[in-house]
Amino acid sequence: MNNFRTFDPSNLLCPVPAVMVSCASETARPNIITIAWAGTVCSDPPMVSVSVRKNRHSHAIIRESGEFVVNLVDEKNCKALDFCGMRSGKDVDKWQACGLTPMPALNLDHAPAIAECPAYLACKVRQVLELGSHDMFIGEIVGVQVREDLFEGKDLHLESAGLVAYNHGVYQRTAEVLGFFGYSVARPEVLERRMKQYKK
Ligand SMILES: Cc1cc2nc3c(=O)[nH]c(=O)nc-3n(C[C@H](O)[C@H](O)[C@H](O)COP(=O)(O)O)c2cc1C
């Protein structure tokens, strides 16, 4: 006996990023799909995966063009994030419906980035894994842009972007910094200096 309840095997990995993935092809107008099954899968070459059901309108577009853009989502764009996961591009122009603006993504021919998002990763599909319910598109990141105001000099402060996390059906803030990479073993003066920086 213990204090845990047993679940059927399921995807309870939490929290995860929920992102807006933009795509377009020669034959399809630009579209946006909300994706929570996304992940970092390799550093060199830099690669991310997005898992998409075959029946999604975006699936055929990404298949055709071999391109997609992962747009990071902040609090301002949270409603659009949800909307793009509720309606299909078959039926609505989600750009227009959400007041979002397509802009050219670095090193891609078709898929645009979303100008209102704080950062994007432009990806070229390198592999497609047919896993079952979802096909996993593994994309090599061929271009990255981050909004200028998130830098202090050369340092990127993505923690101040107000990015949204997805936690078992709920969107949550990631605003508060609890620590930083290596903080558990940092010297006291380093710990104090770095943490002060995040409390501003
Ligand atoms: C928070 C959230 C996360 C989602 N994650 C995924 C996902 O990882 N893969 C997927 O195929 N669909 C996912 N969906 C559903 C699609 O975004 C949704 O079916 C969308 O309307 C498909 O758009 P499209 O038909 O224009 O491609 C998610 C929806 C929401 C709201």
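A hairpin of 4 residues links strand β4 to strand β5. The model is predicted: local features need pLDDT of at least 70, side-chain atom pairs count only at pLDDT 80 or more, and totals for chains, interfaces and linings use all residues. Residue numbers start from 1 along each chain, following its sequence as written. Helices (H or I, at least four residues) and strands (E, at least two) are DSSP runs, numbered from the N terminus.

- Strand β4 covers residues 38–42, and strand β5 covers residues 47–53.
- The two strands run antiparallel and are joined by 4 bridges.
- Strands count as paired if DSSP finds at least two bridges between them.
- T40 faces V48, which belongs to β5.
- P45 sits in the loop between β4 and β5.
- The peptide bond from D44 to P45 is cis, with omega near 5°.

**The chain as a whole**

- The protein chain holds 4 helices and 14 strands.
- Its C-alpha trace spans about 60 × 55 × 35 Å along the principal axes.
- Of the 200 residues in the protein chain, 28% are buried.
- A residue is buried if 20 or more other C-beta atoms lie within 10 Å of its own, exposed if 12 or fewer, and partly exposed in between; the C-beta atoms are placed from the backbone.
- Among contacts in the protein chain with a separation of 6 or more, 62% join residues 24 or more positions apart.
- A contact means that the C-beta atoms of two residues, placed from the backbone, lie within 7 Å.

**Helix α1**

- Helix α1 spans residues 57–65, and its buried residues are S58, I61, I62 and S65.
- These residues cover an arc of only 95° around the axis, so they lie on the same side of α1.
- The arc is that of the directions from the helix axis to the C-beta atoms.
- The buried residues of α1 pack against β2 (19–23), β3 (31–35), β5, β6 (67–72), β9 (119–130) and β10 (134–146).
- S65 and E26 are 39 residues apart in sequence, yet 7.2 Å apart in space, C-alpha to C-alpha.
- E26 lies in the loop between β2 and β3.
- E26 counts as exposed because it has 9 C-beta neighbours inside 10 Å.

**Around the ligand**

- The shell around the ligand has 22 residues, of which H57, S58, G85, S88 and G89 come nearest.
- The elements giving two or more residues to this shell are β3, β5 and α1.
- Strand β3 gives the most, with 4 residues.
- A residue is near a molecule or strand if its C-beta atom, placed from the backbone, lies within 6 Å of it.

**The β1-β13-β14 sheet**

- Three strands form an open sheet in the order β1-β13-β14, with antiparallel pairing.
- β1 and β14 stand at the edges with a single partner strand each, so one side of each has no neighbour in the sheet.
- Between β1 and β13 there are 2 bridges, in the antiparallel sense.
- V16 has Y166 of β13 as its bridge partner.
- P15 is in the segment before β1 (16–17).
- The peptide bond from C14 to P15 is cis, with omega near -15°.

**Positive phi in residues other than glycine**

- H168 has a phi near 50°, although H168 is not a glycine.
- H168 belongs to the loop between β13 (164–166) and β14 (171–173).
- With 11 C-beta neighbours inside 10 Å, H168 counts as exposed.
- N107 is not a glycine either, and its phi is positive, about 65°.
- N107 sits in the loop between β7 (102–104) and β8 (112–114).
- N107 counts as partly exposed, with 13 C-beta neighbours inside 10 Å.

**Helix α4**

- Helix α4 has 12 residues, 188–199.
- From first C-alpha to last, α4 reaches 16 Å, close to the 16 Å expected at 1.5 Å a residue.
- The expected span is 1.5 Å times one less than the number of residues.
- The number of buried residues in α4 is 0, so the helix lies largely in the open.
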